[in-house]
Amino acid sequence: MMRVVVLGAGMIGAACARELALAGCAVTVLERGRPAAATTAHGEGNVLVSDKPPGPELELARLSRRLWPGVLDGLPGAGGAEWDPKGGIVVATTEPGAEALREFAAAQRAAGVDARELDAAALAAAEPHLTTDVTAAVHYPEDAQVQPAGAATALLAHAVRLGAELRTGCEVLGAVTRGGRLTGVRTPAGTVEADAFVNAAGPWSGEVAARLGVRLDVRPRRGEILVTAPRPPTVFHKVYDADYVGAVGSGDGELQSSAVVESTRAGTILLGSSRRRVGFDDRTRPGVLSVIARKALRLFPSLAGVPVMRAYGGFRPYVADHLPVIGADPALAGLWHATGHEGAGIGLAAGTAAVLRDLLHGRAPEVGAEPFRVDRPAVRPEGAPG
């Protein structure tokens with residue numbers, strides 16, 4: 001029986017732990033804090049295909065979207081995941097934006113994505129409170145949402161029921177190697193040995209990799225979200241401005257923001273989104289929140305005056321080429337990575353876990369893993385050690 005240690009108990013770590021436990025591995029999960037309490041607890045729970053251009057990430061997203069319902073079906077505690085296949089609507093509010101959105105949607109349709117352009121009447125019927133100042137709109141029926149902490153907790157609990165061991169308050173301090181192979185990790189409670197180790201530490205993956213003696217260029221990128229007081233039904237899909245795609249794909253370290261508006265089952269409305277590279281500076285910036293609110297009001301003017309209950313922010317694992325890192329580390333046998341998803345980790349978790357499972361067992365995954373390899377230039381720049 002293969003012994004696998006998963007480093008991190010967020011959504012990616014929980015999904016990998018469950019998938020590997022189902023595959024018959026003896027799984028141990030090490031978490032330095034509390035499960036699903038960091039990046040996972042500070043996201044919106046997006047399961048999206050609408051924001052990804054044709055290419056490897058879209059293929060992984062489509063695989064994940066197919067897998068998610070089956071992963072949650074019948075899973076004890078899955079009710080807390082609040083799976084909602086409500087679909088998404090992407091809108092443009094300028095003529096250049098409309099042209100770009102139609103081109104983007106056409107390319108996605110050619111790749112197999114269900115992307116349906118809506119006329120004004122259909123858009124008004126789908127989102128009656130949305131501004132009428134829209135030049136184009138595309139409906140993505142496949143987009144969905146989960147409650148991220150609830151979903152991760154359910155996945156992790158299932159892994160434990162399958163025999164996985166969860167150790168919290170257990171920080172990775174360093175590596176134990178034999179013959180160039182990682183055979184153990186040092187923690188405050190002692191050394192934990194295994195046959196394979198999966199670095200699923202999200203924005204902290206680069207730091208964990210460094211402690212294990214290799215280079216992994218995964219950095220934190222911060223995002224903030226506003227949460228309104230509960231409202232009568234107001235927003236019926238995930239609705240966002242087409243600028244969101246550009247913000248996701250931008251490598252600029254300065255503030256990138258676009259309007260993203262969606263409701264939750266509790267009746268609150270989530271307003272996003274922002275992206276900033278500020279290291280691990282966790283200070284909330286009122287100016288960023290103001291930009292988010294202002295852009296959201298352009299889409300849904302009726303939200304003016306609605307109380308905001310709270311704001312929260314978190315760090316996402318950013319990679320310069322905007323692709324996840326999934327696979328074996330060629331610089332240290334026994335070390336694997338499942339990280340670098342930035343804000344898409346919730347949606348990509350099911351597919352990532354399936355790809356990692358297949359790679360660990362020497363099988364070809366359903367989607368090609370070559371674009372996600374660890375030794376590509378964005379992850380391990382030329383000349384960098386490890």
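Reader: Leaving aside neighbours within four places in sequence, with which residues is T40 in contact?
Author: This is a predicted model, in which local features need pLDDT of at least 70 and side-chain atom pairs count only at pLDDT 80 or more, while totals for chains, interfaces and linings use all residues. Residues are numbered from 1 along each chain as its sequence is written, and side-chain values use heavy atoms, with hydrogens and water left out. With contact taken as heavy atoms within 4.5 Å, the partners of T40 beyond those neighbours are G10, M11, P148, A149, A152 and I346.

Reader: Is T40 buried or exposed, and what is its relative accessible area?
Author: T40 is found in the loop between β2 (26–31) and β3 (46–47), strands being DSSP runs of E with at least two residues, numbered from the N terminus. Buried means under 20% relative accessible area, exposed over 50% and partly exposed in between, with a 1.4 Å probe and protein chains only. T40 counts as buried because its relative accessible area is 8%.

Reader: Which residue in β15 is the bridge partner of V239?
Author: Strand β14 (residues 238–241) pairs with strand β15 (residues 256–263) in the antiparallel sense over two bridges, and two strands pair if DSSP finds at least two bridges between them. Within β15, the bridge partner of V239 is V261.

Reader: Which strands are the edge strands of the eight-stranded open sheet?
Author: The eight strands of this open sheet, whose pairing is mixed, follow the order β5-β6-β4-β14-β15-β16-β13-β17. The strands that each pair on one side only, and are therefore the edge strands, are β5 (116–117) and β17 (308–318).

Technical notes. Helix = DSSP H or I, 4+ residues; strand = E, 2+ residues; numbered from the N terminus.
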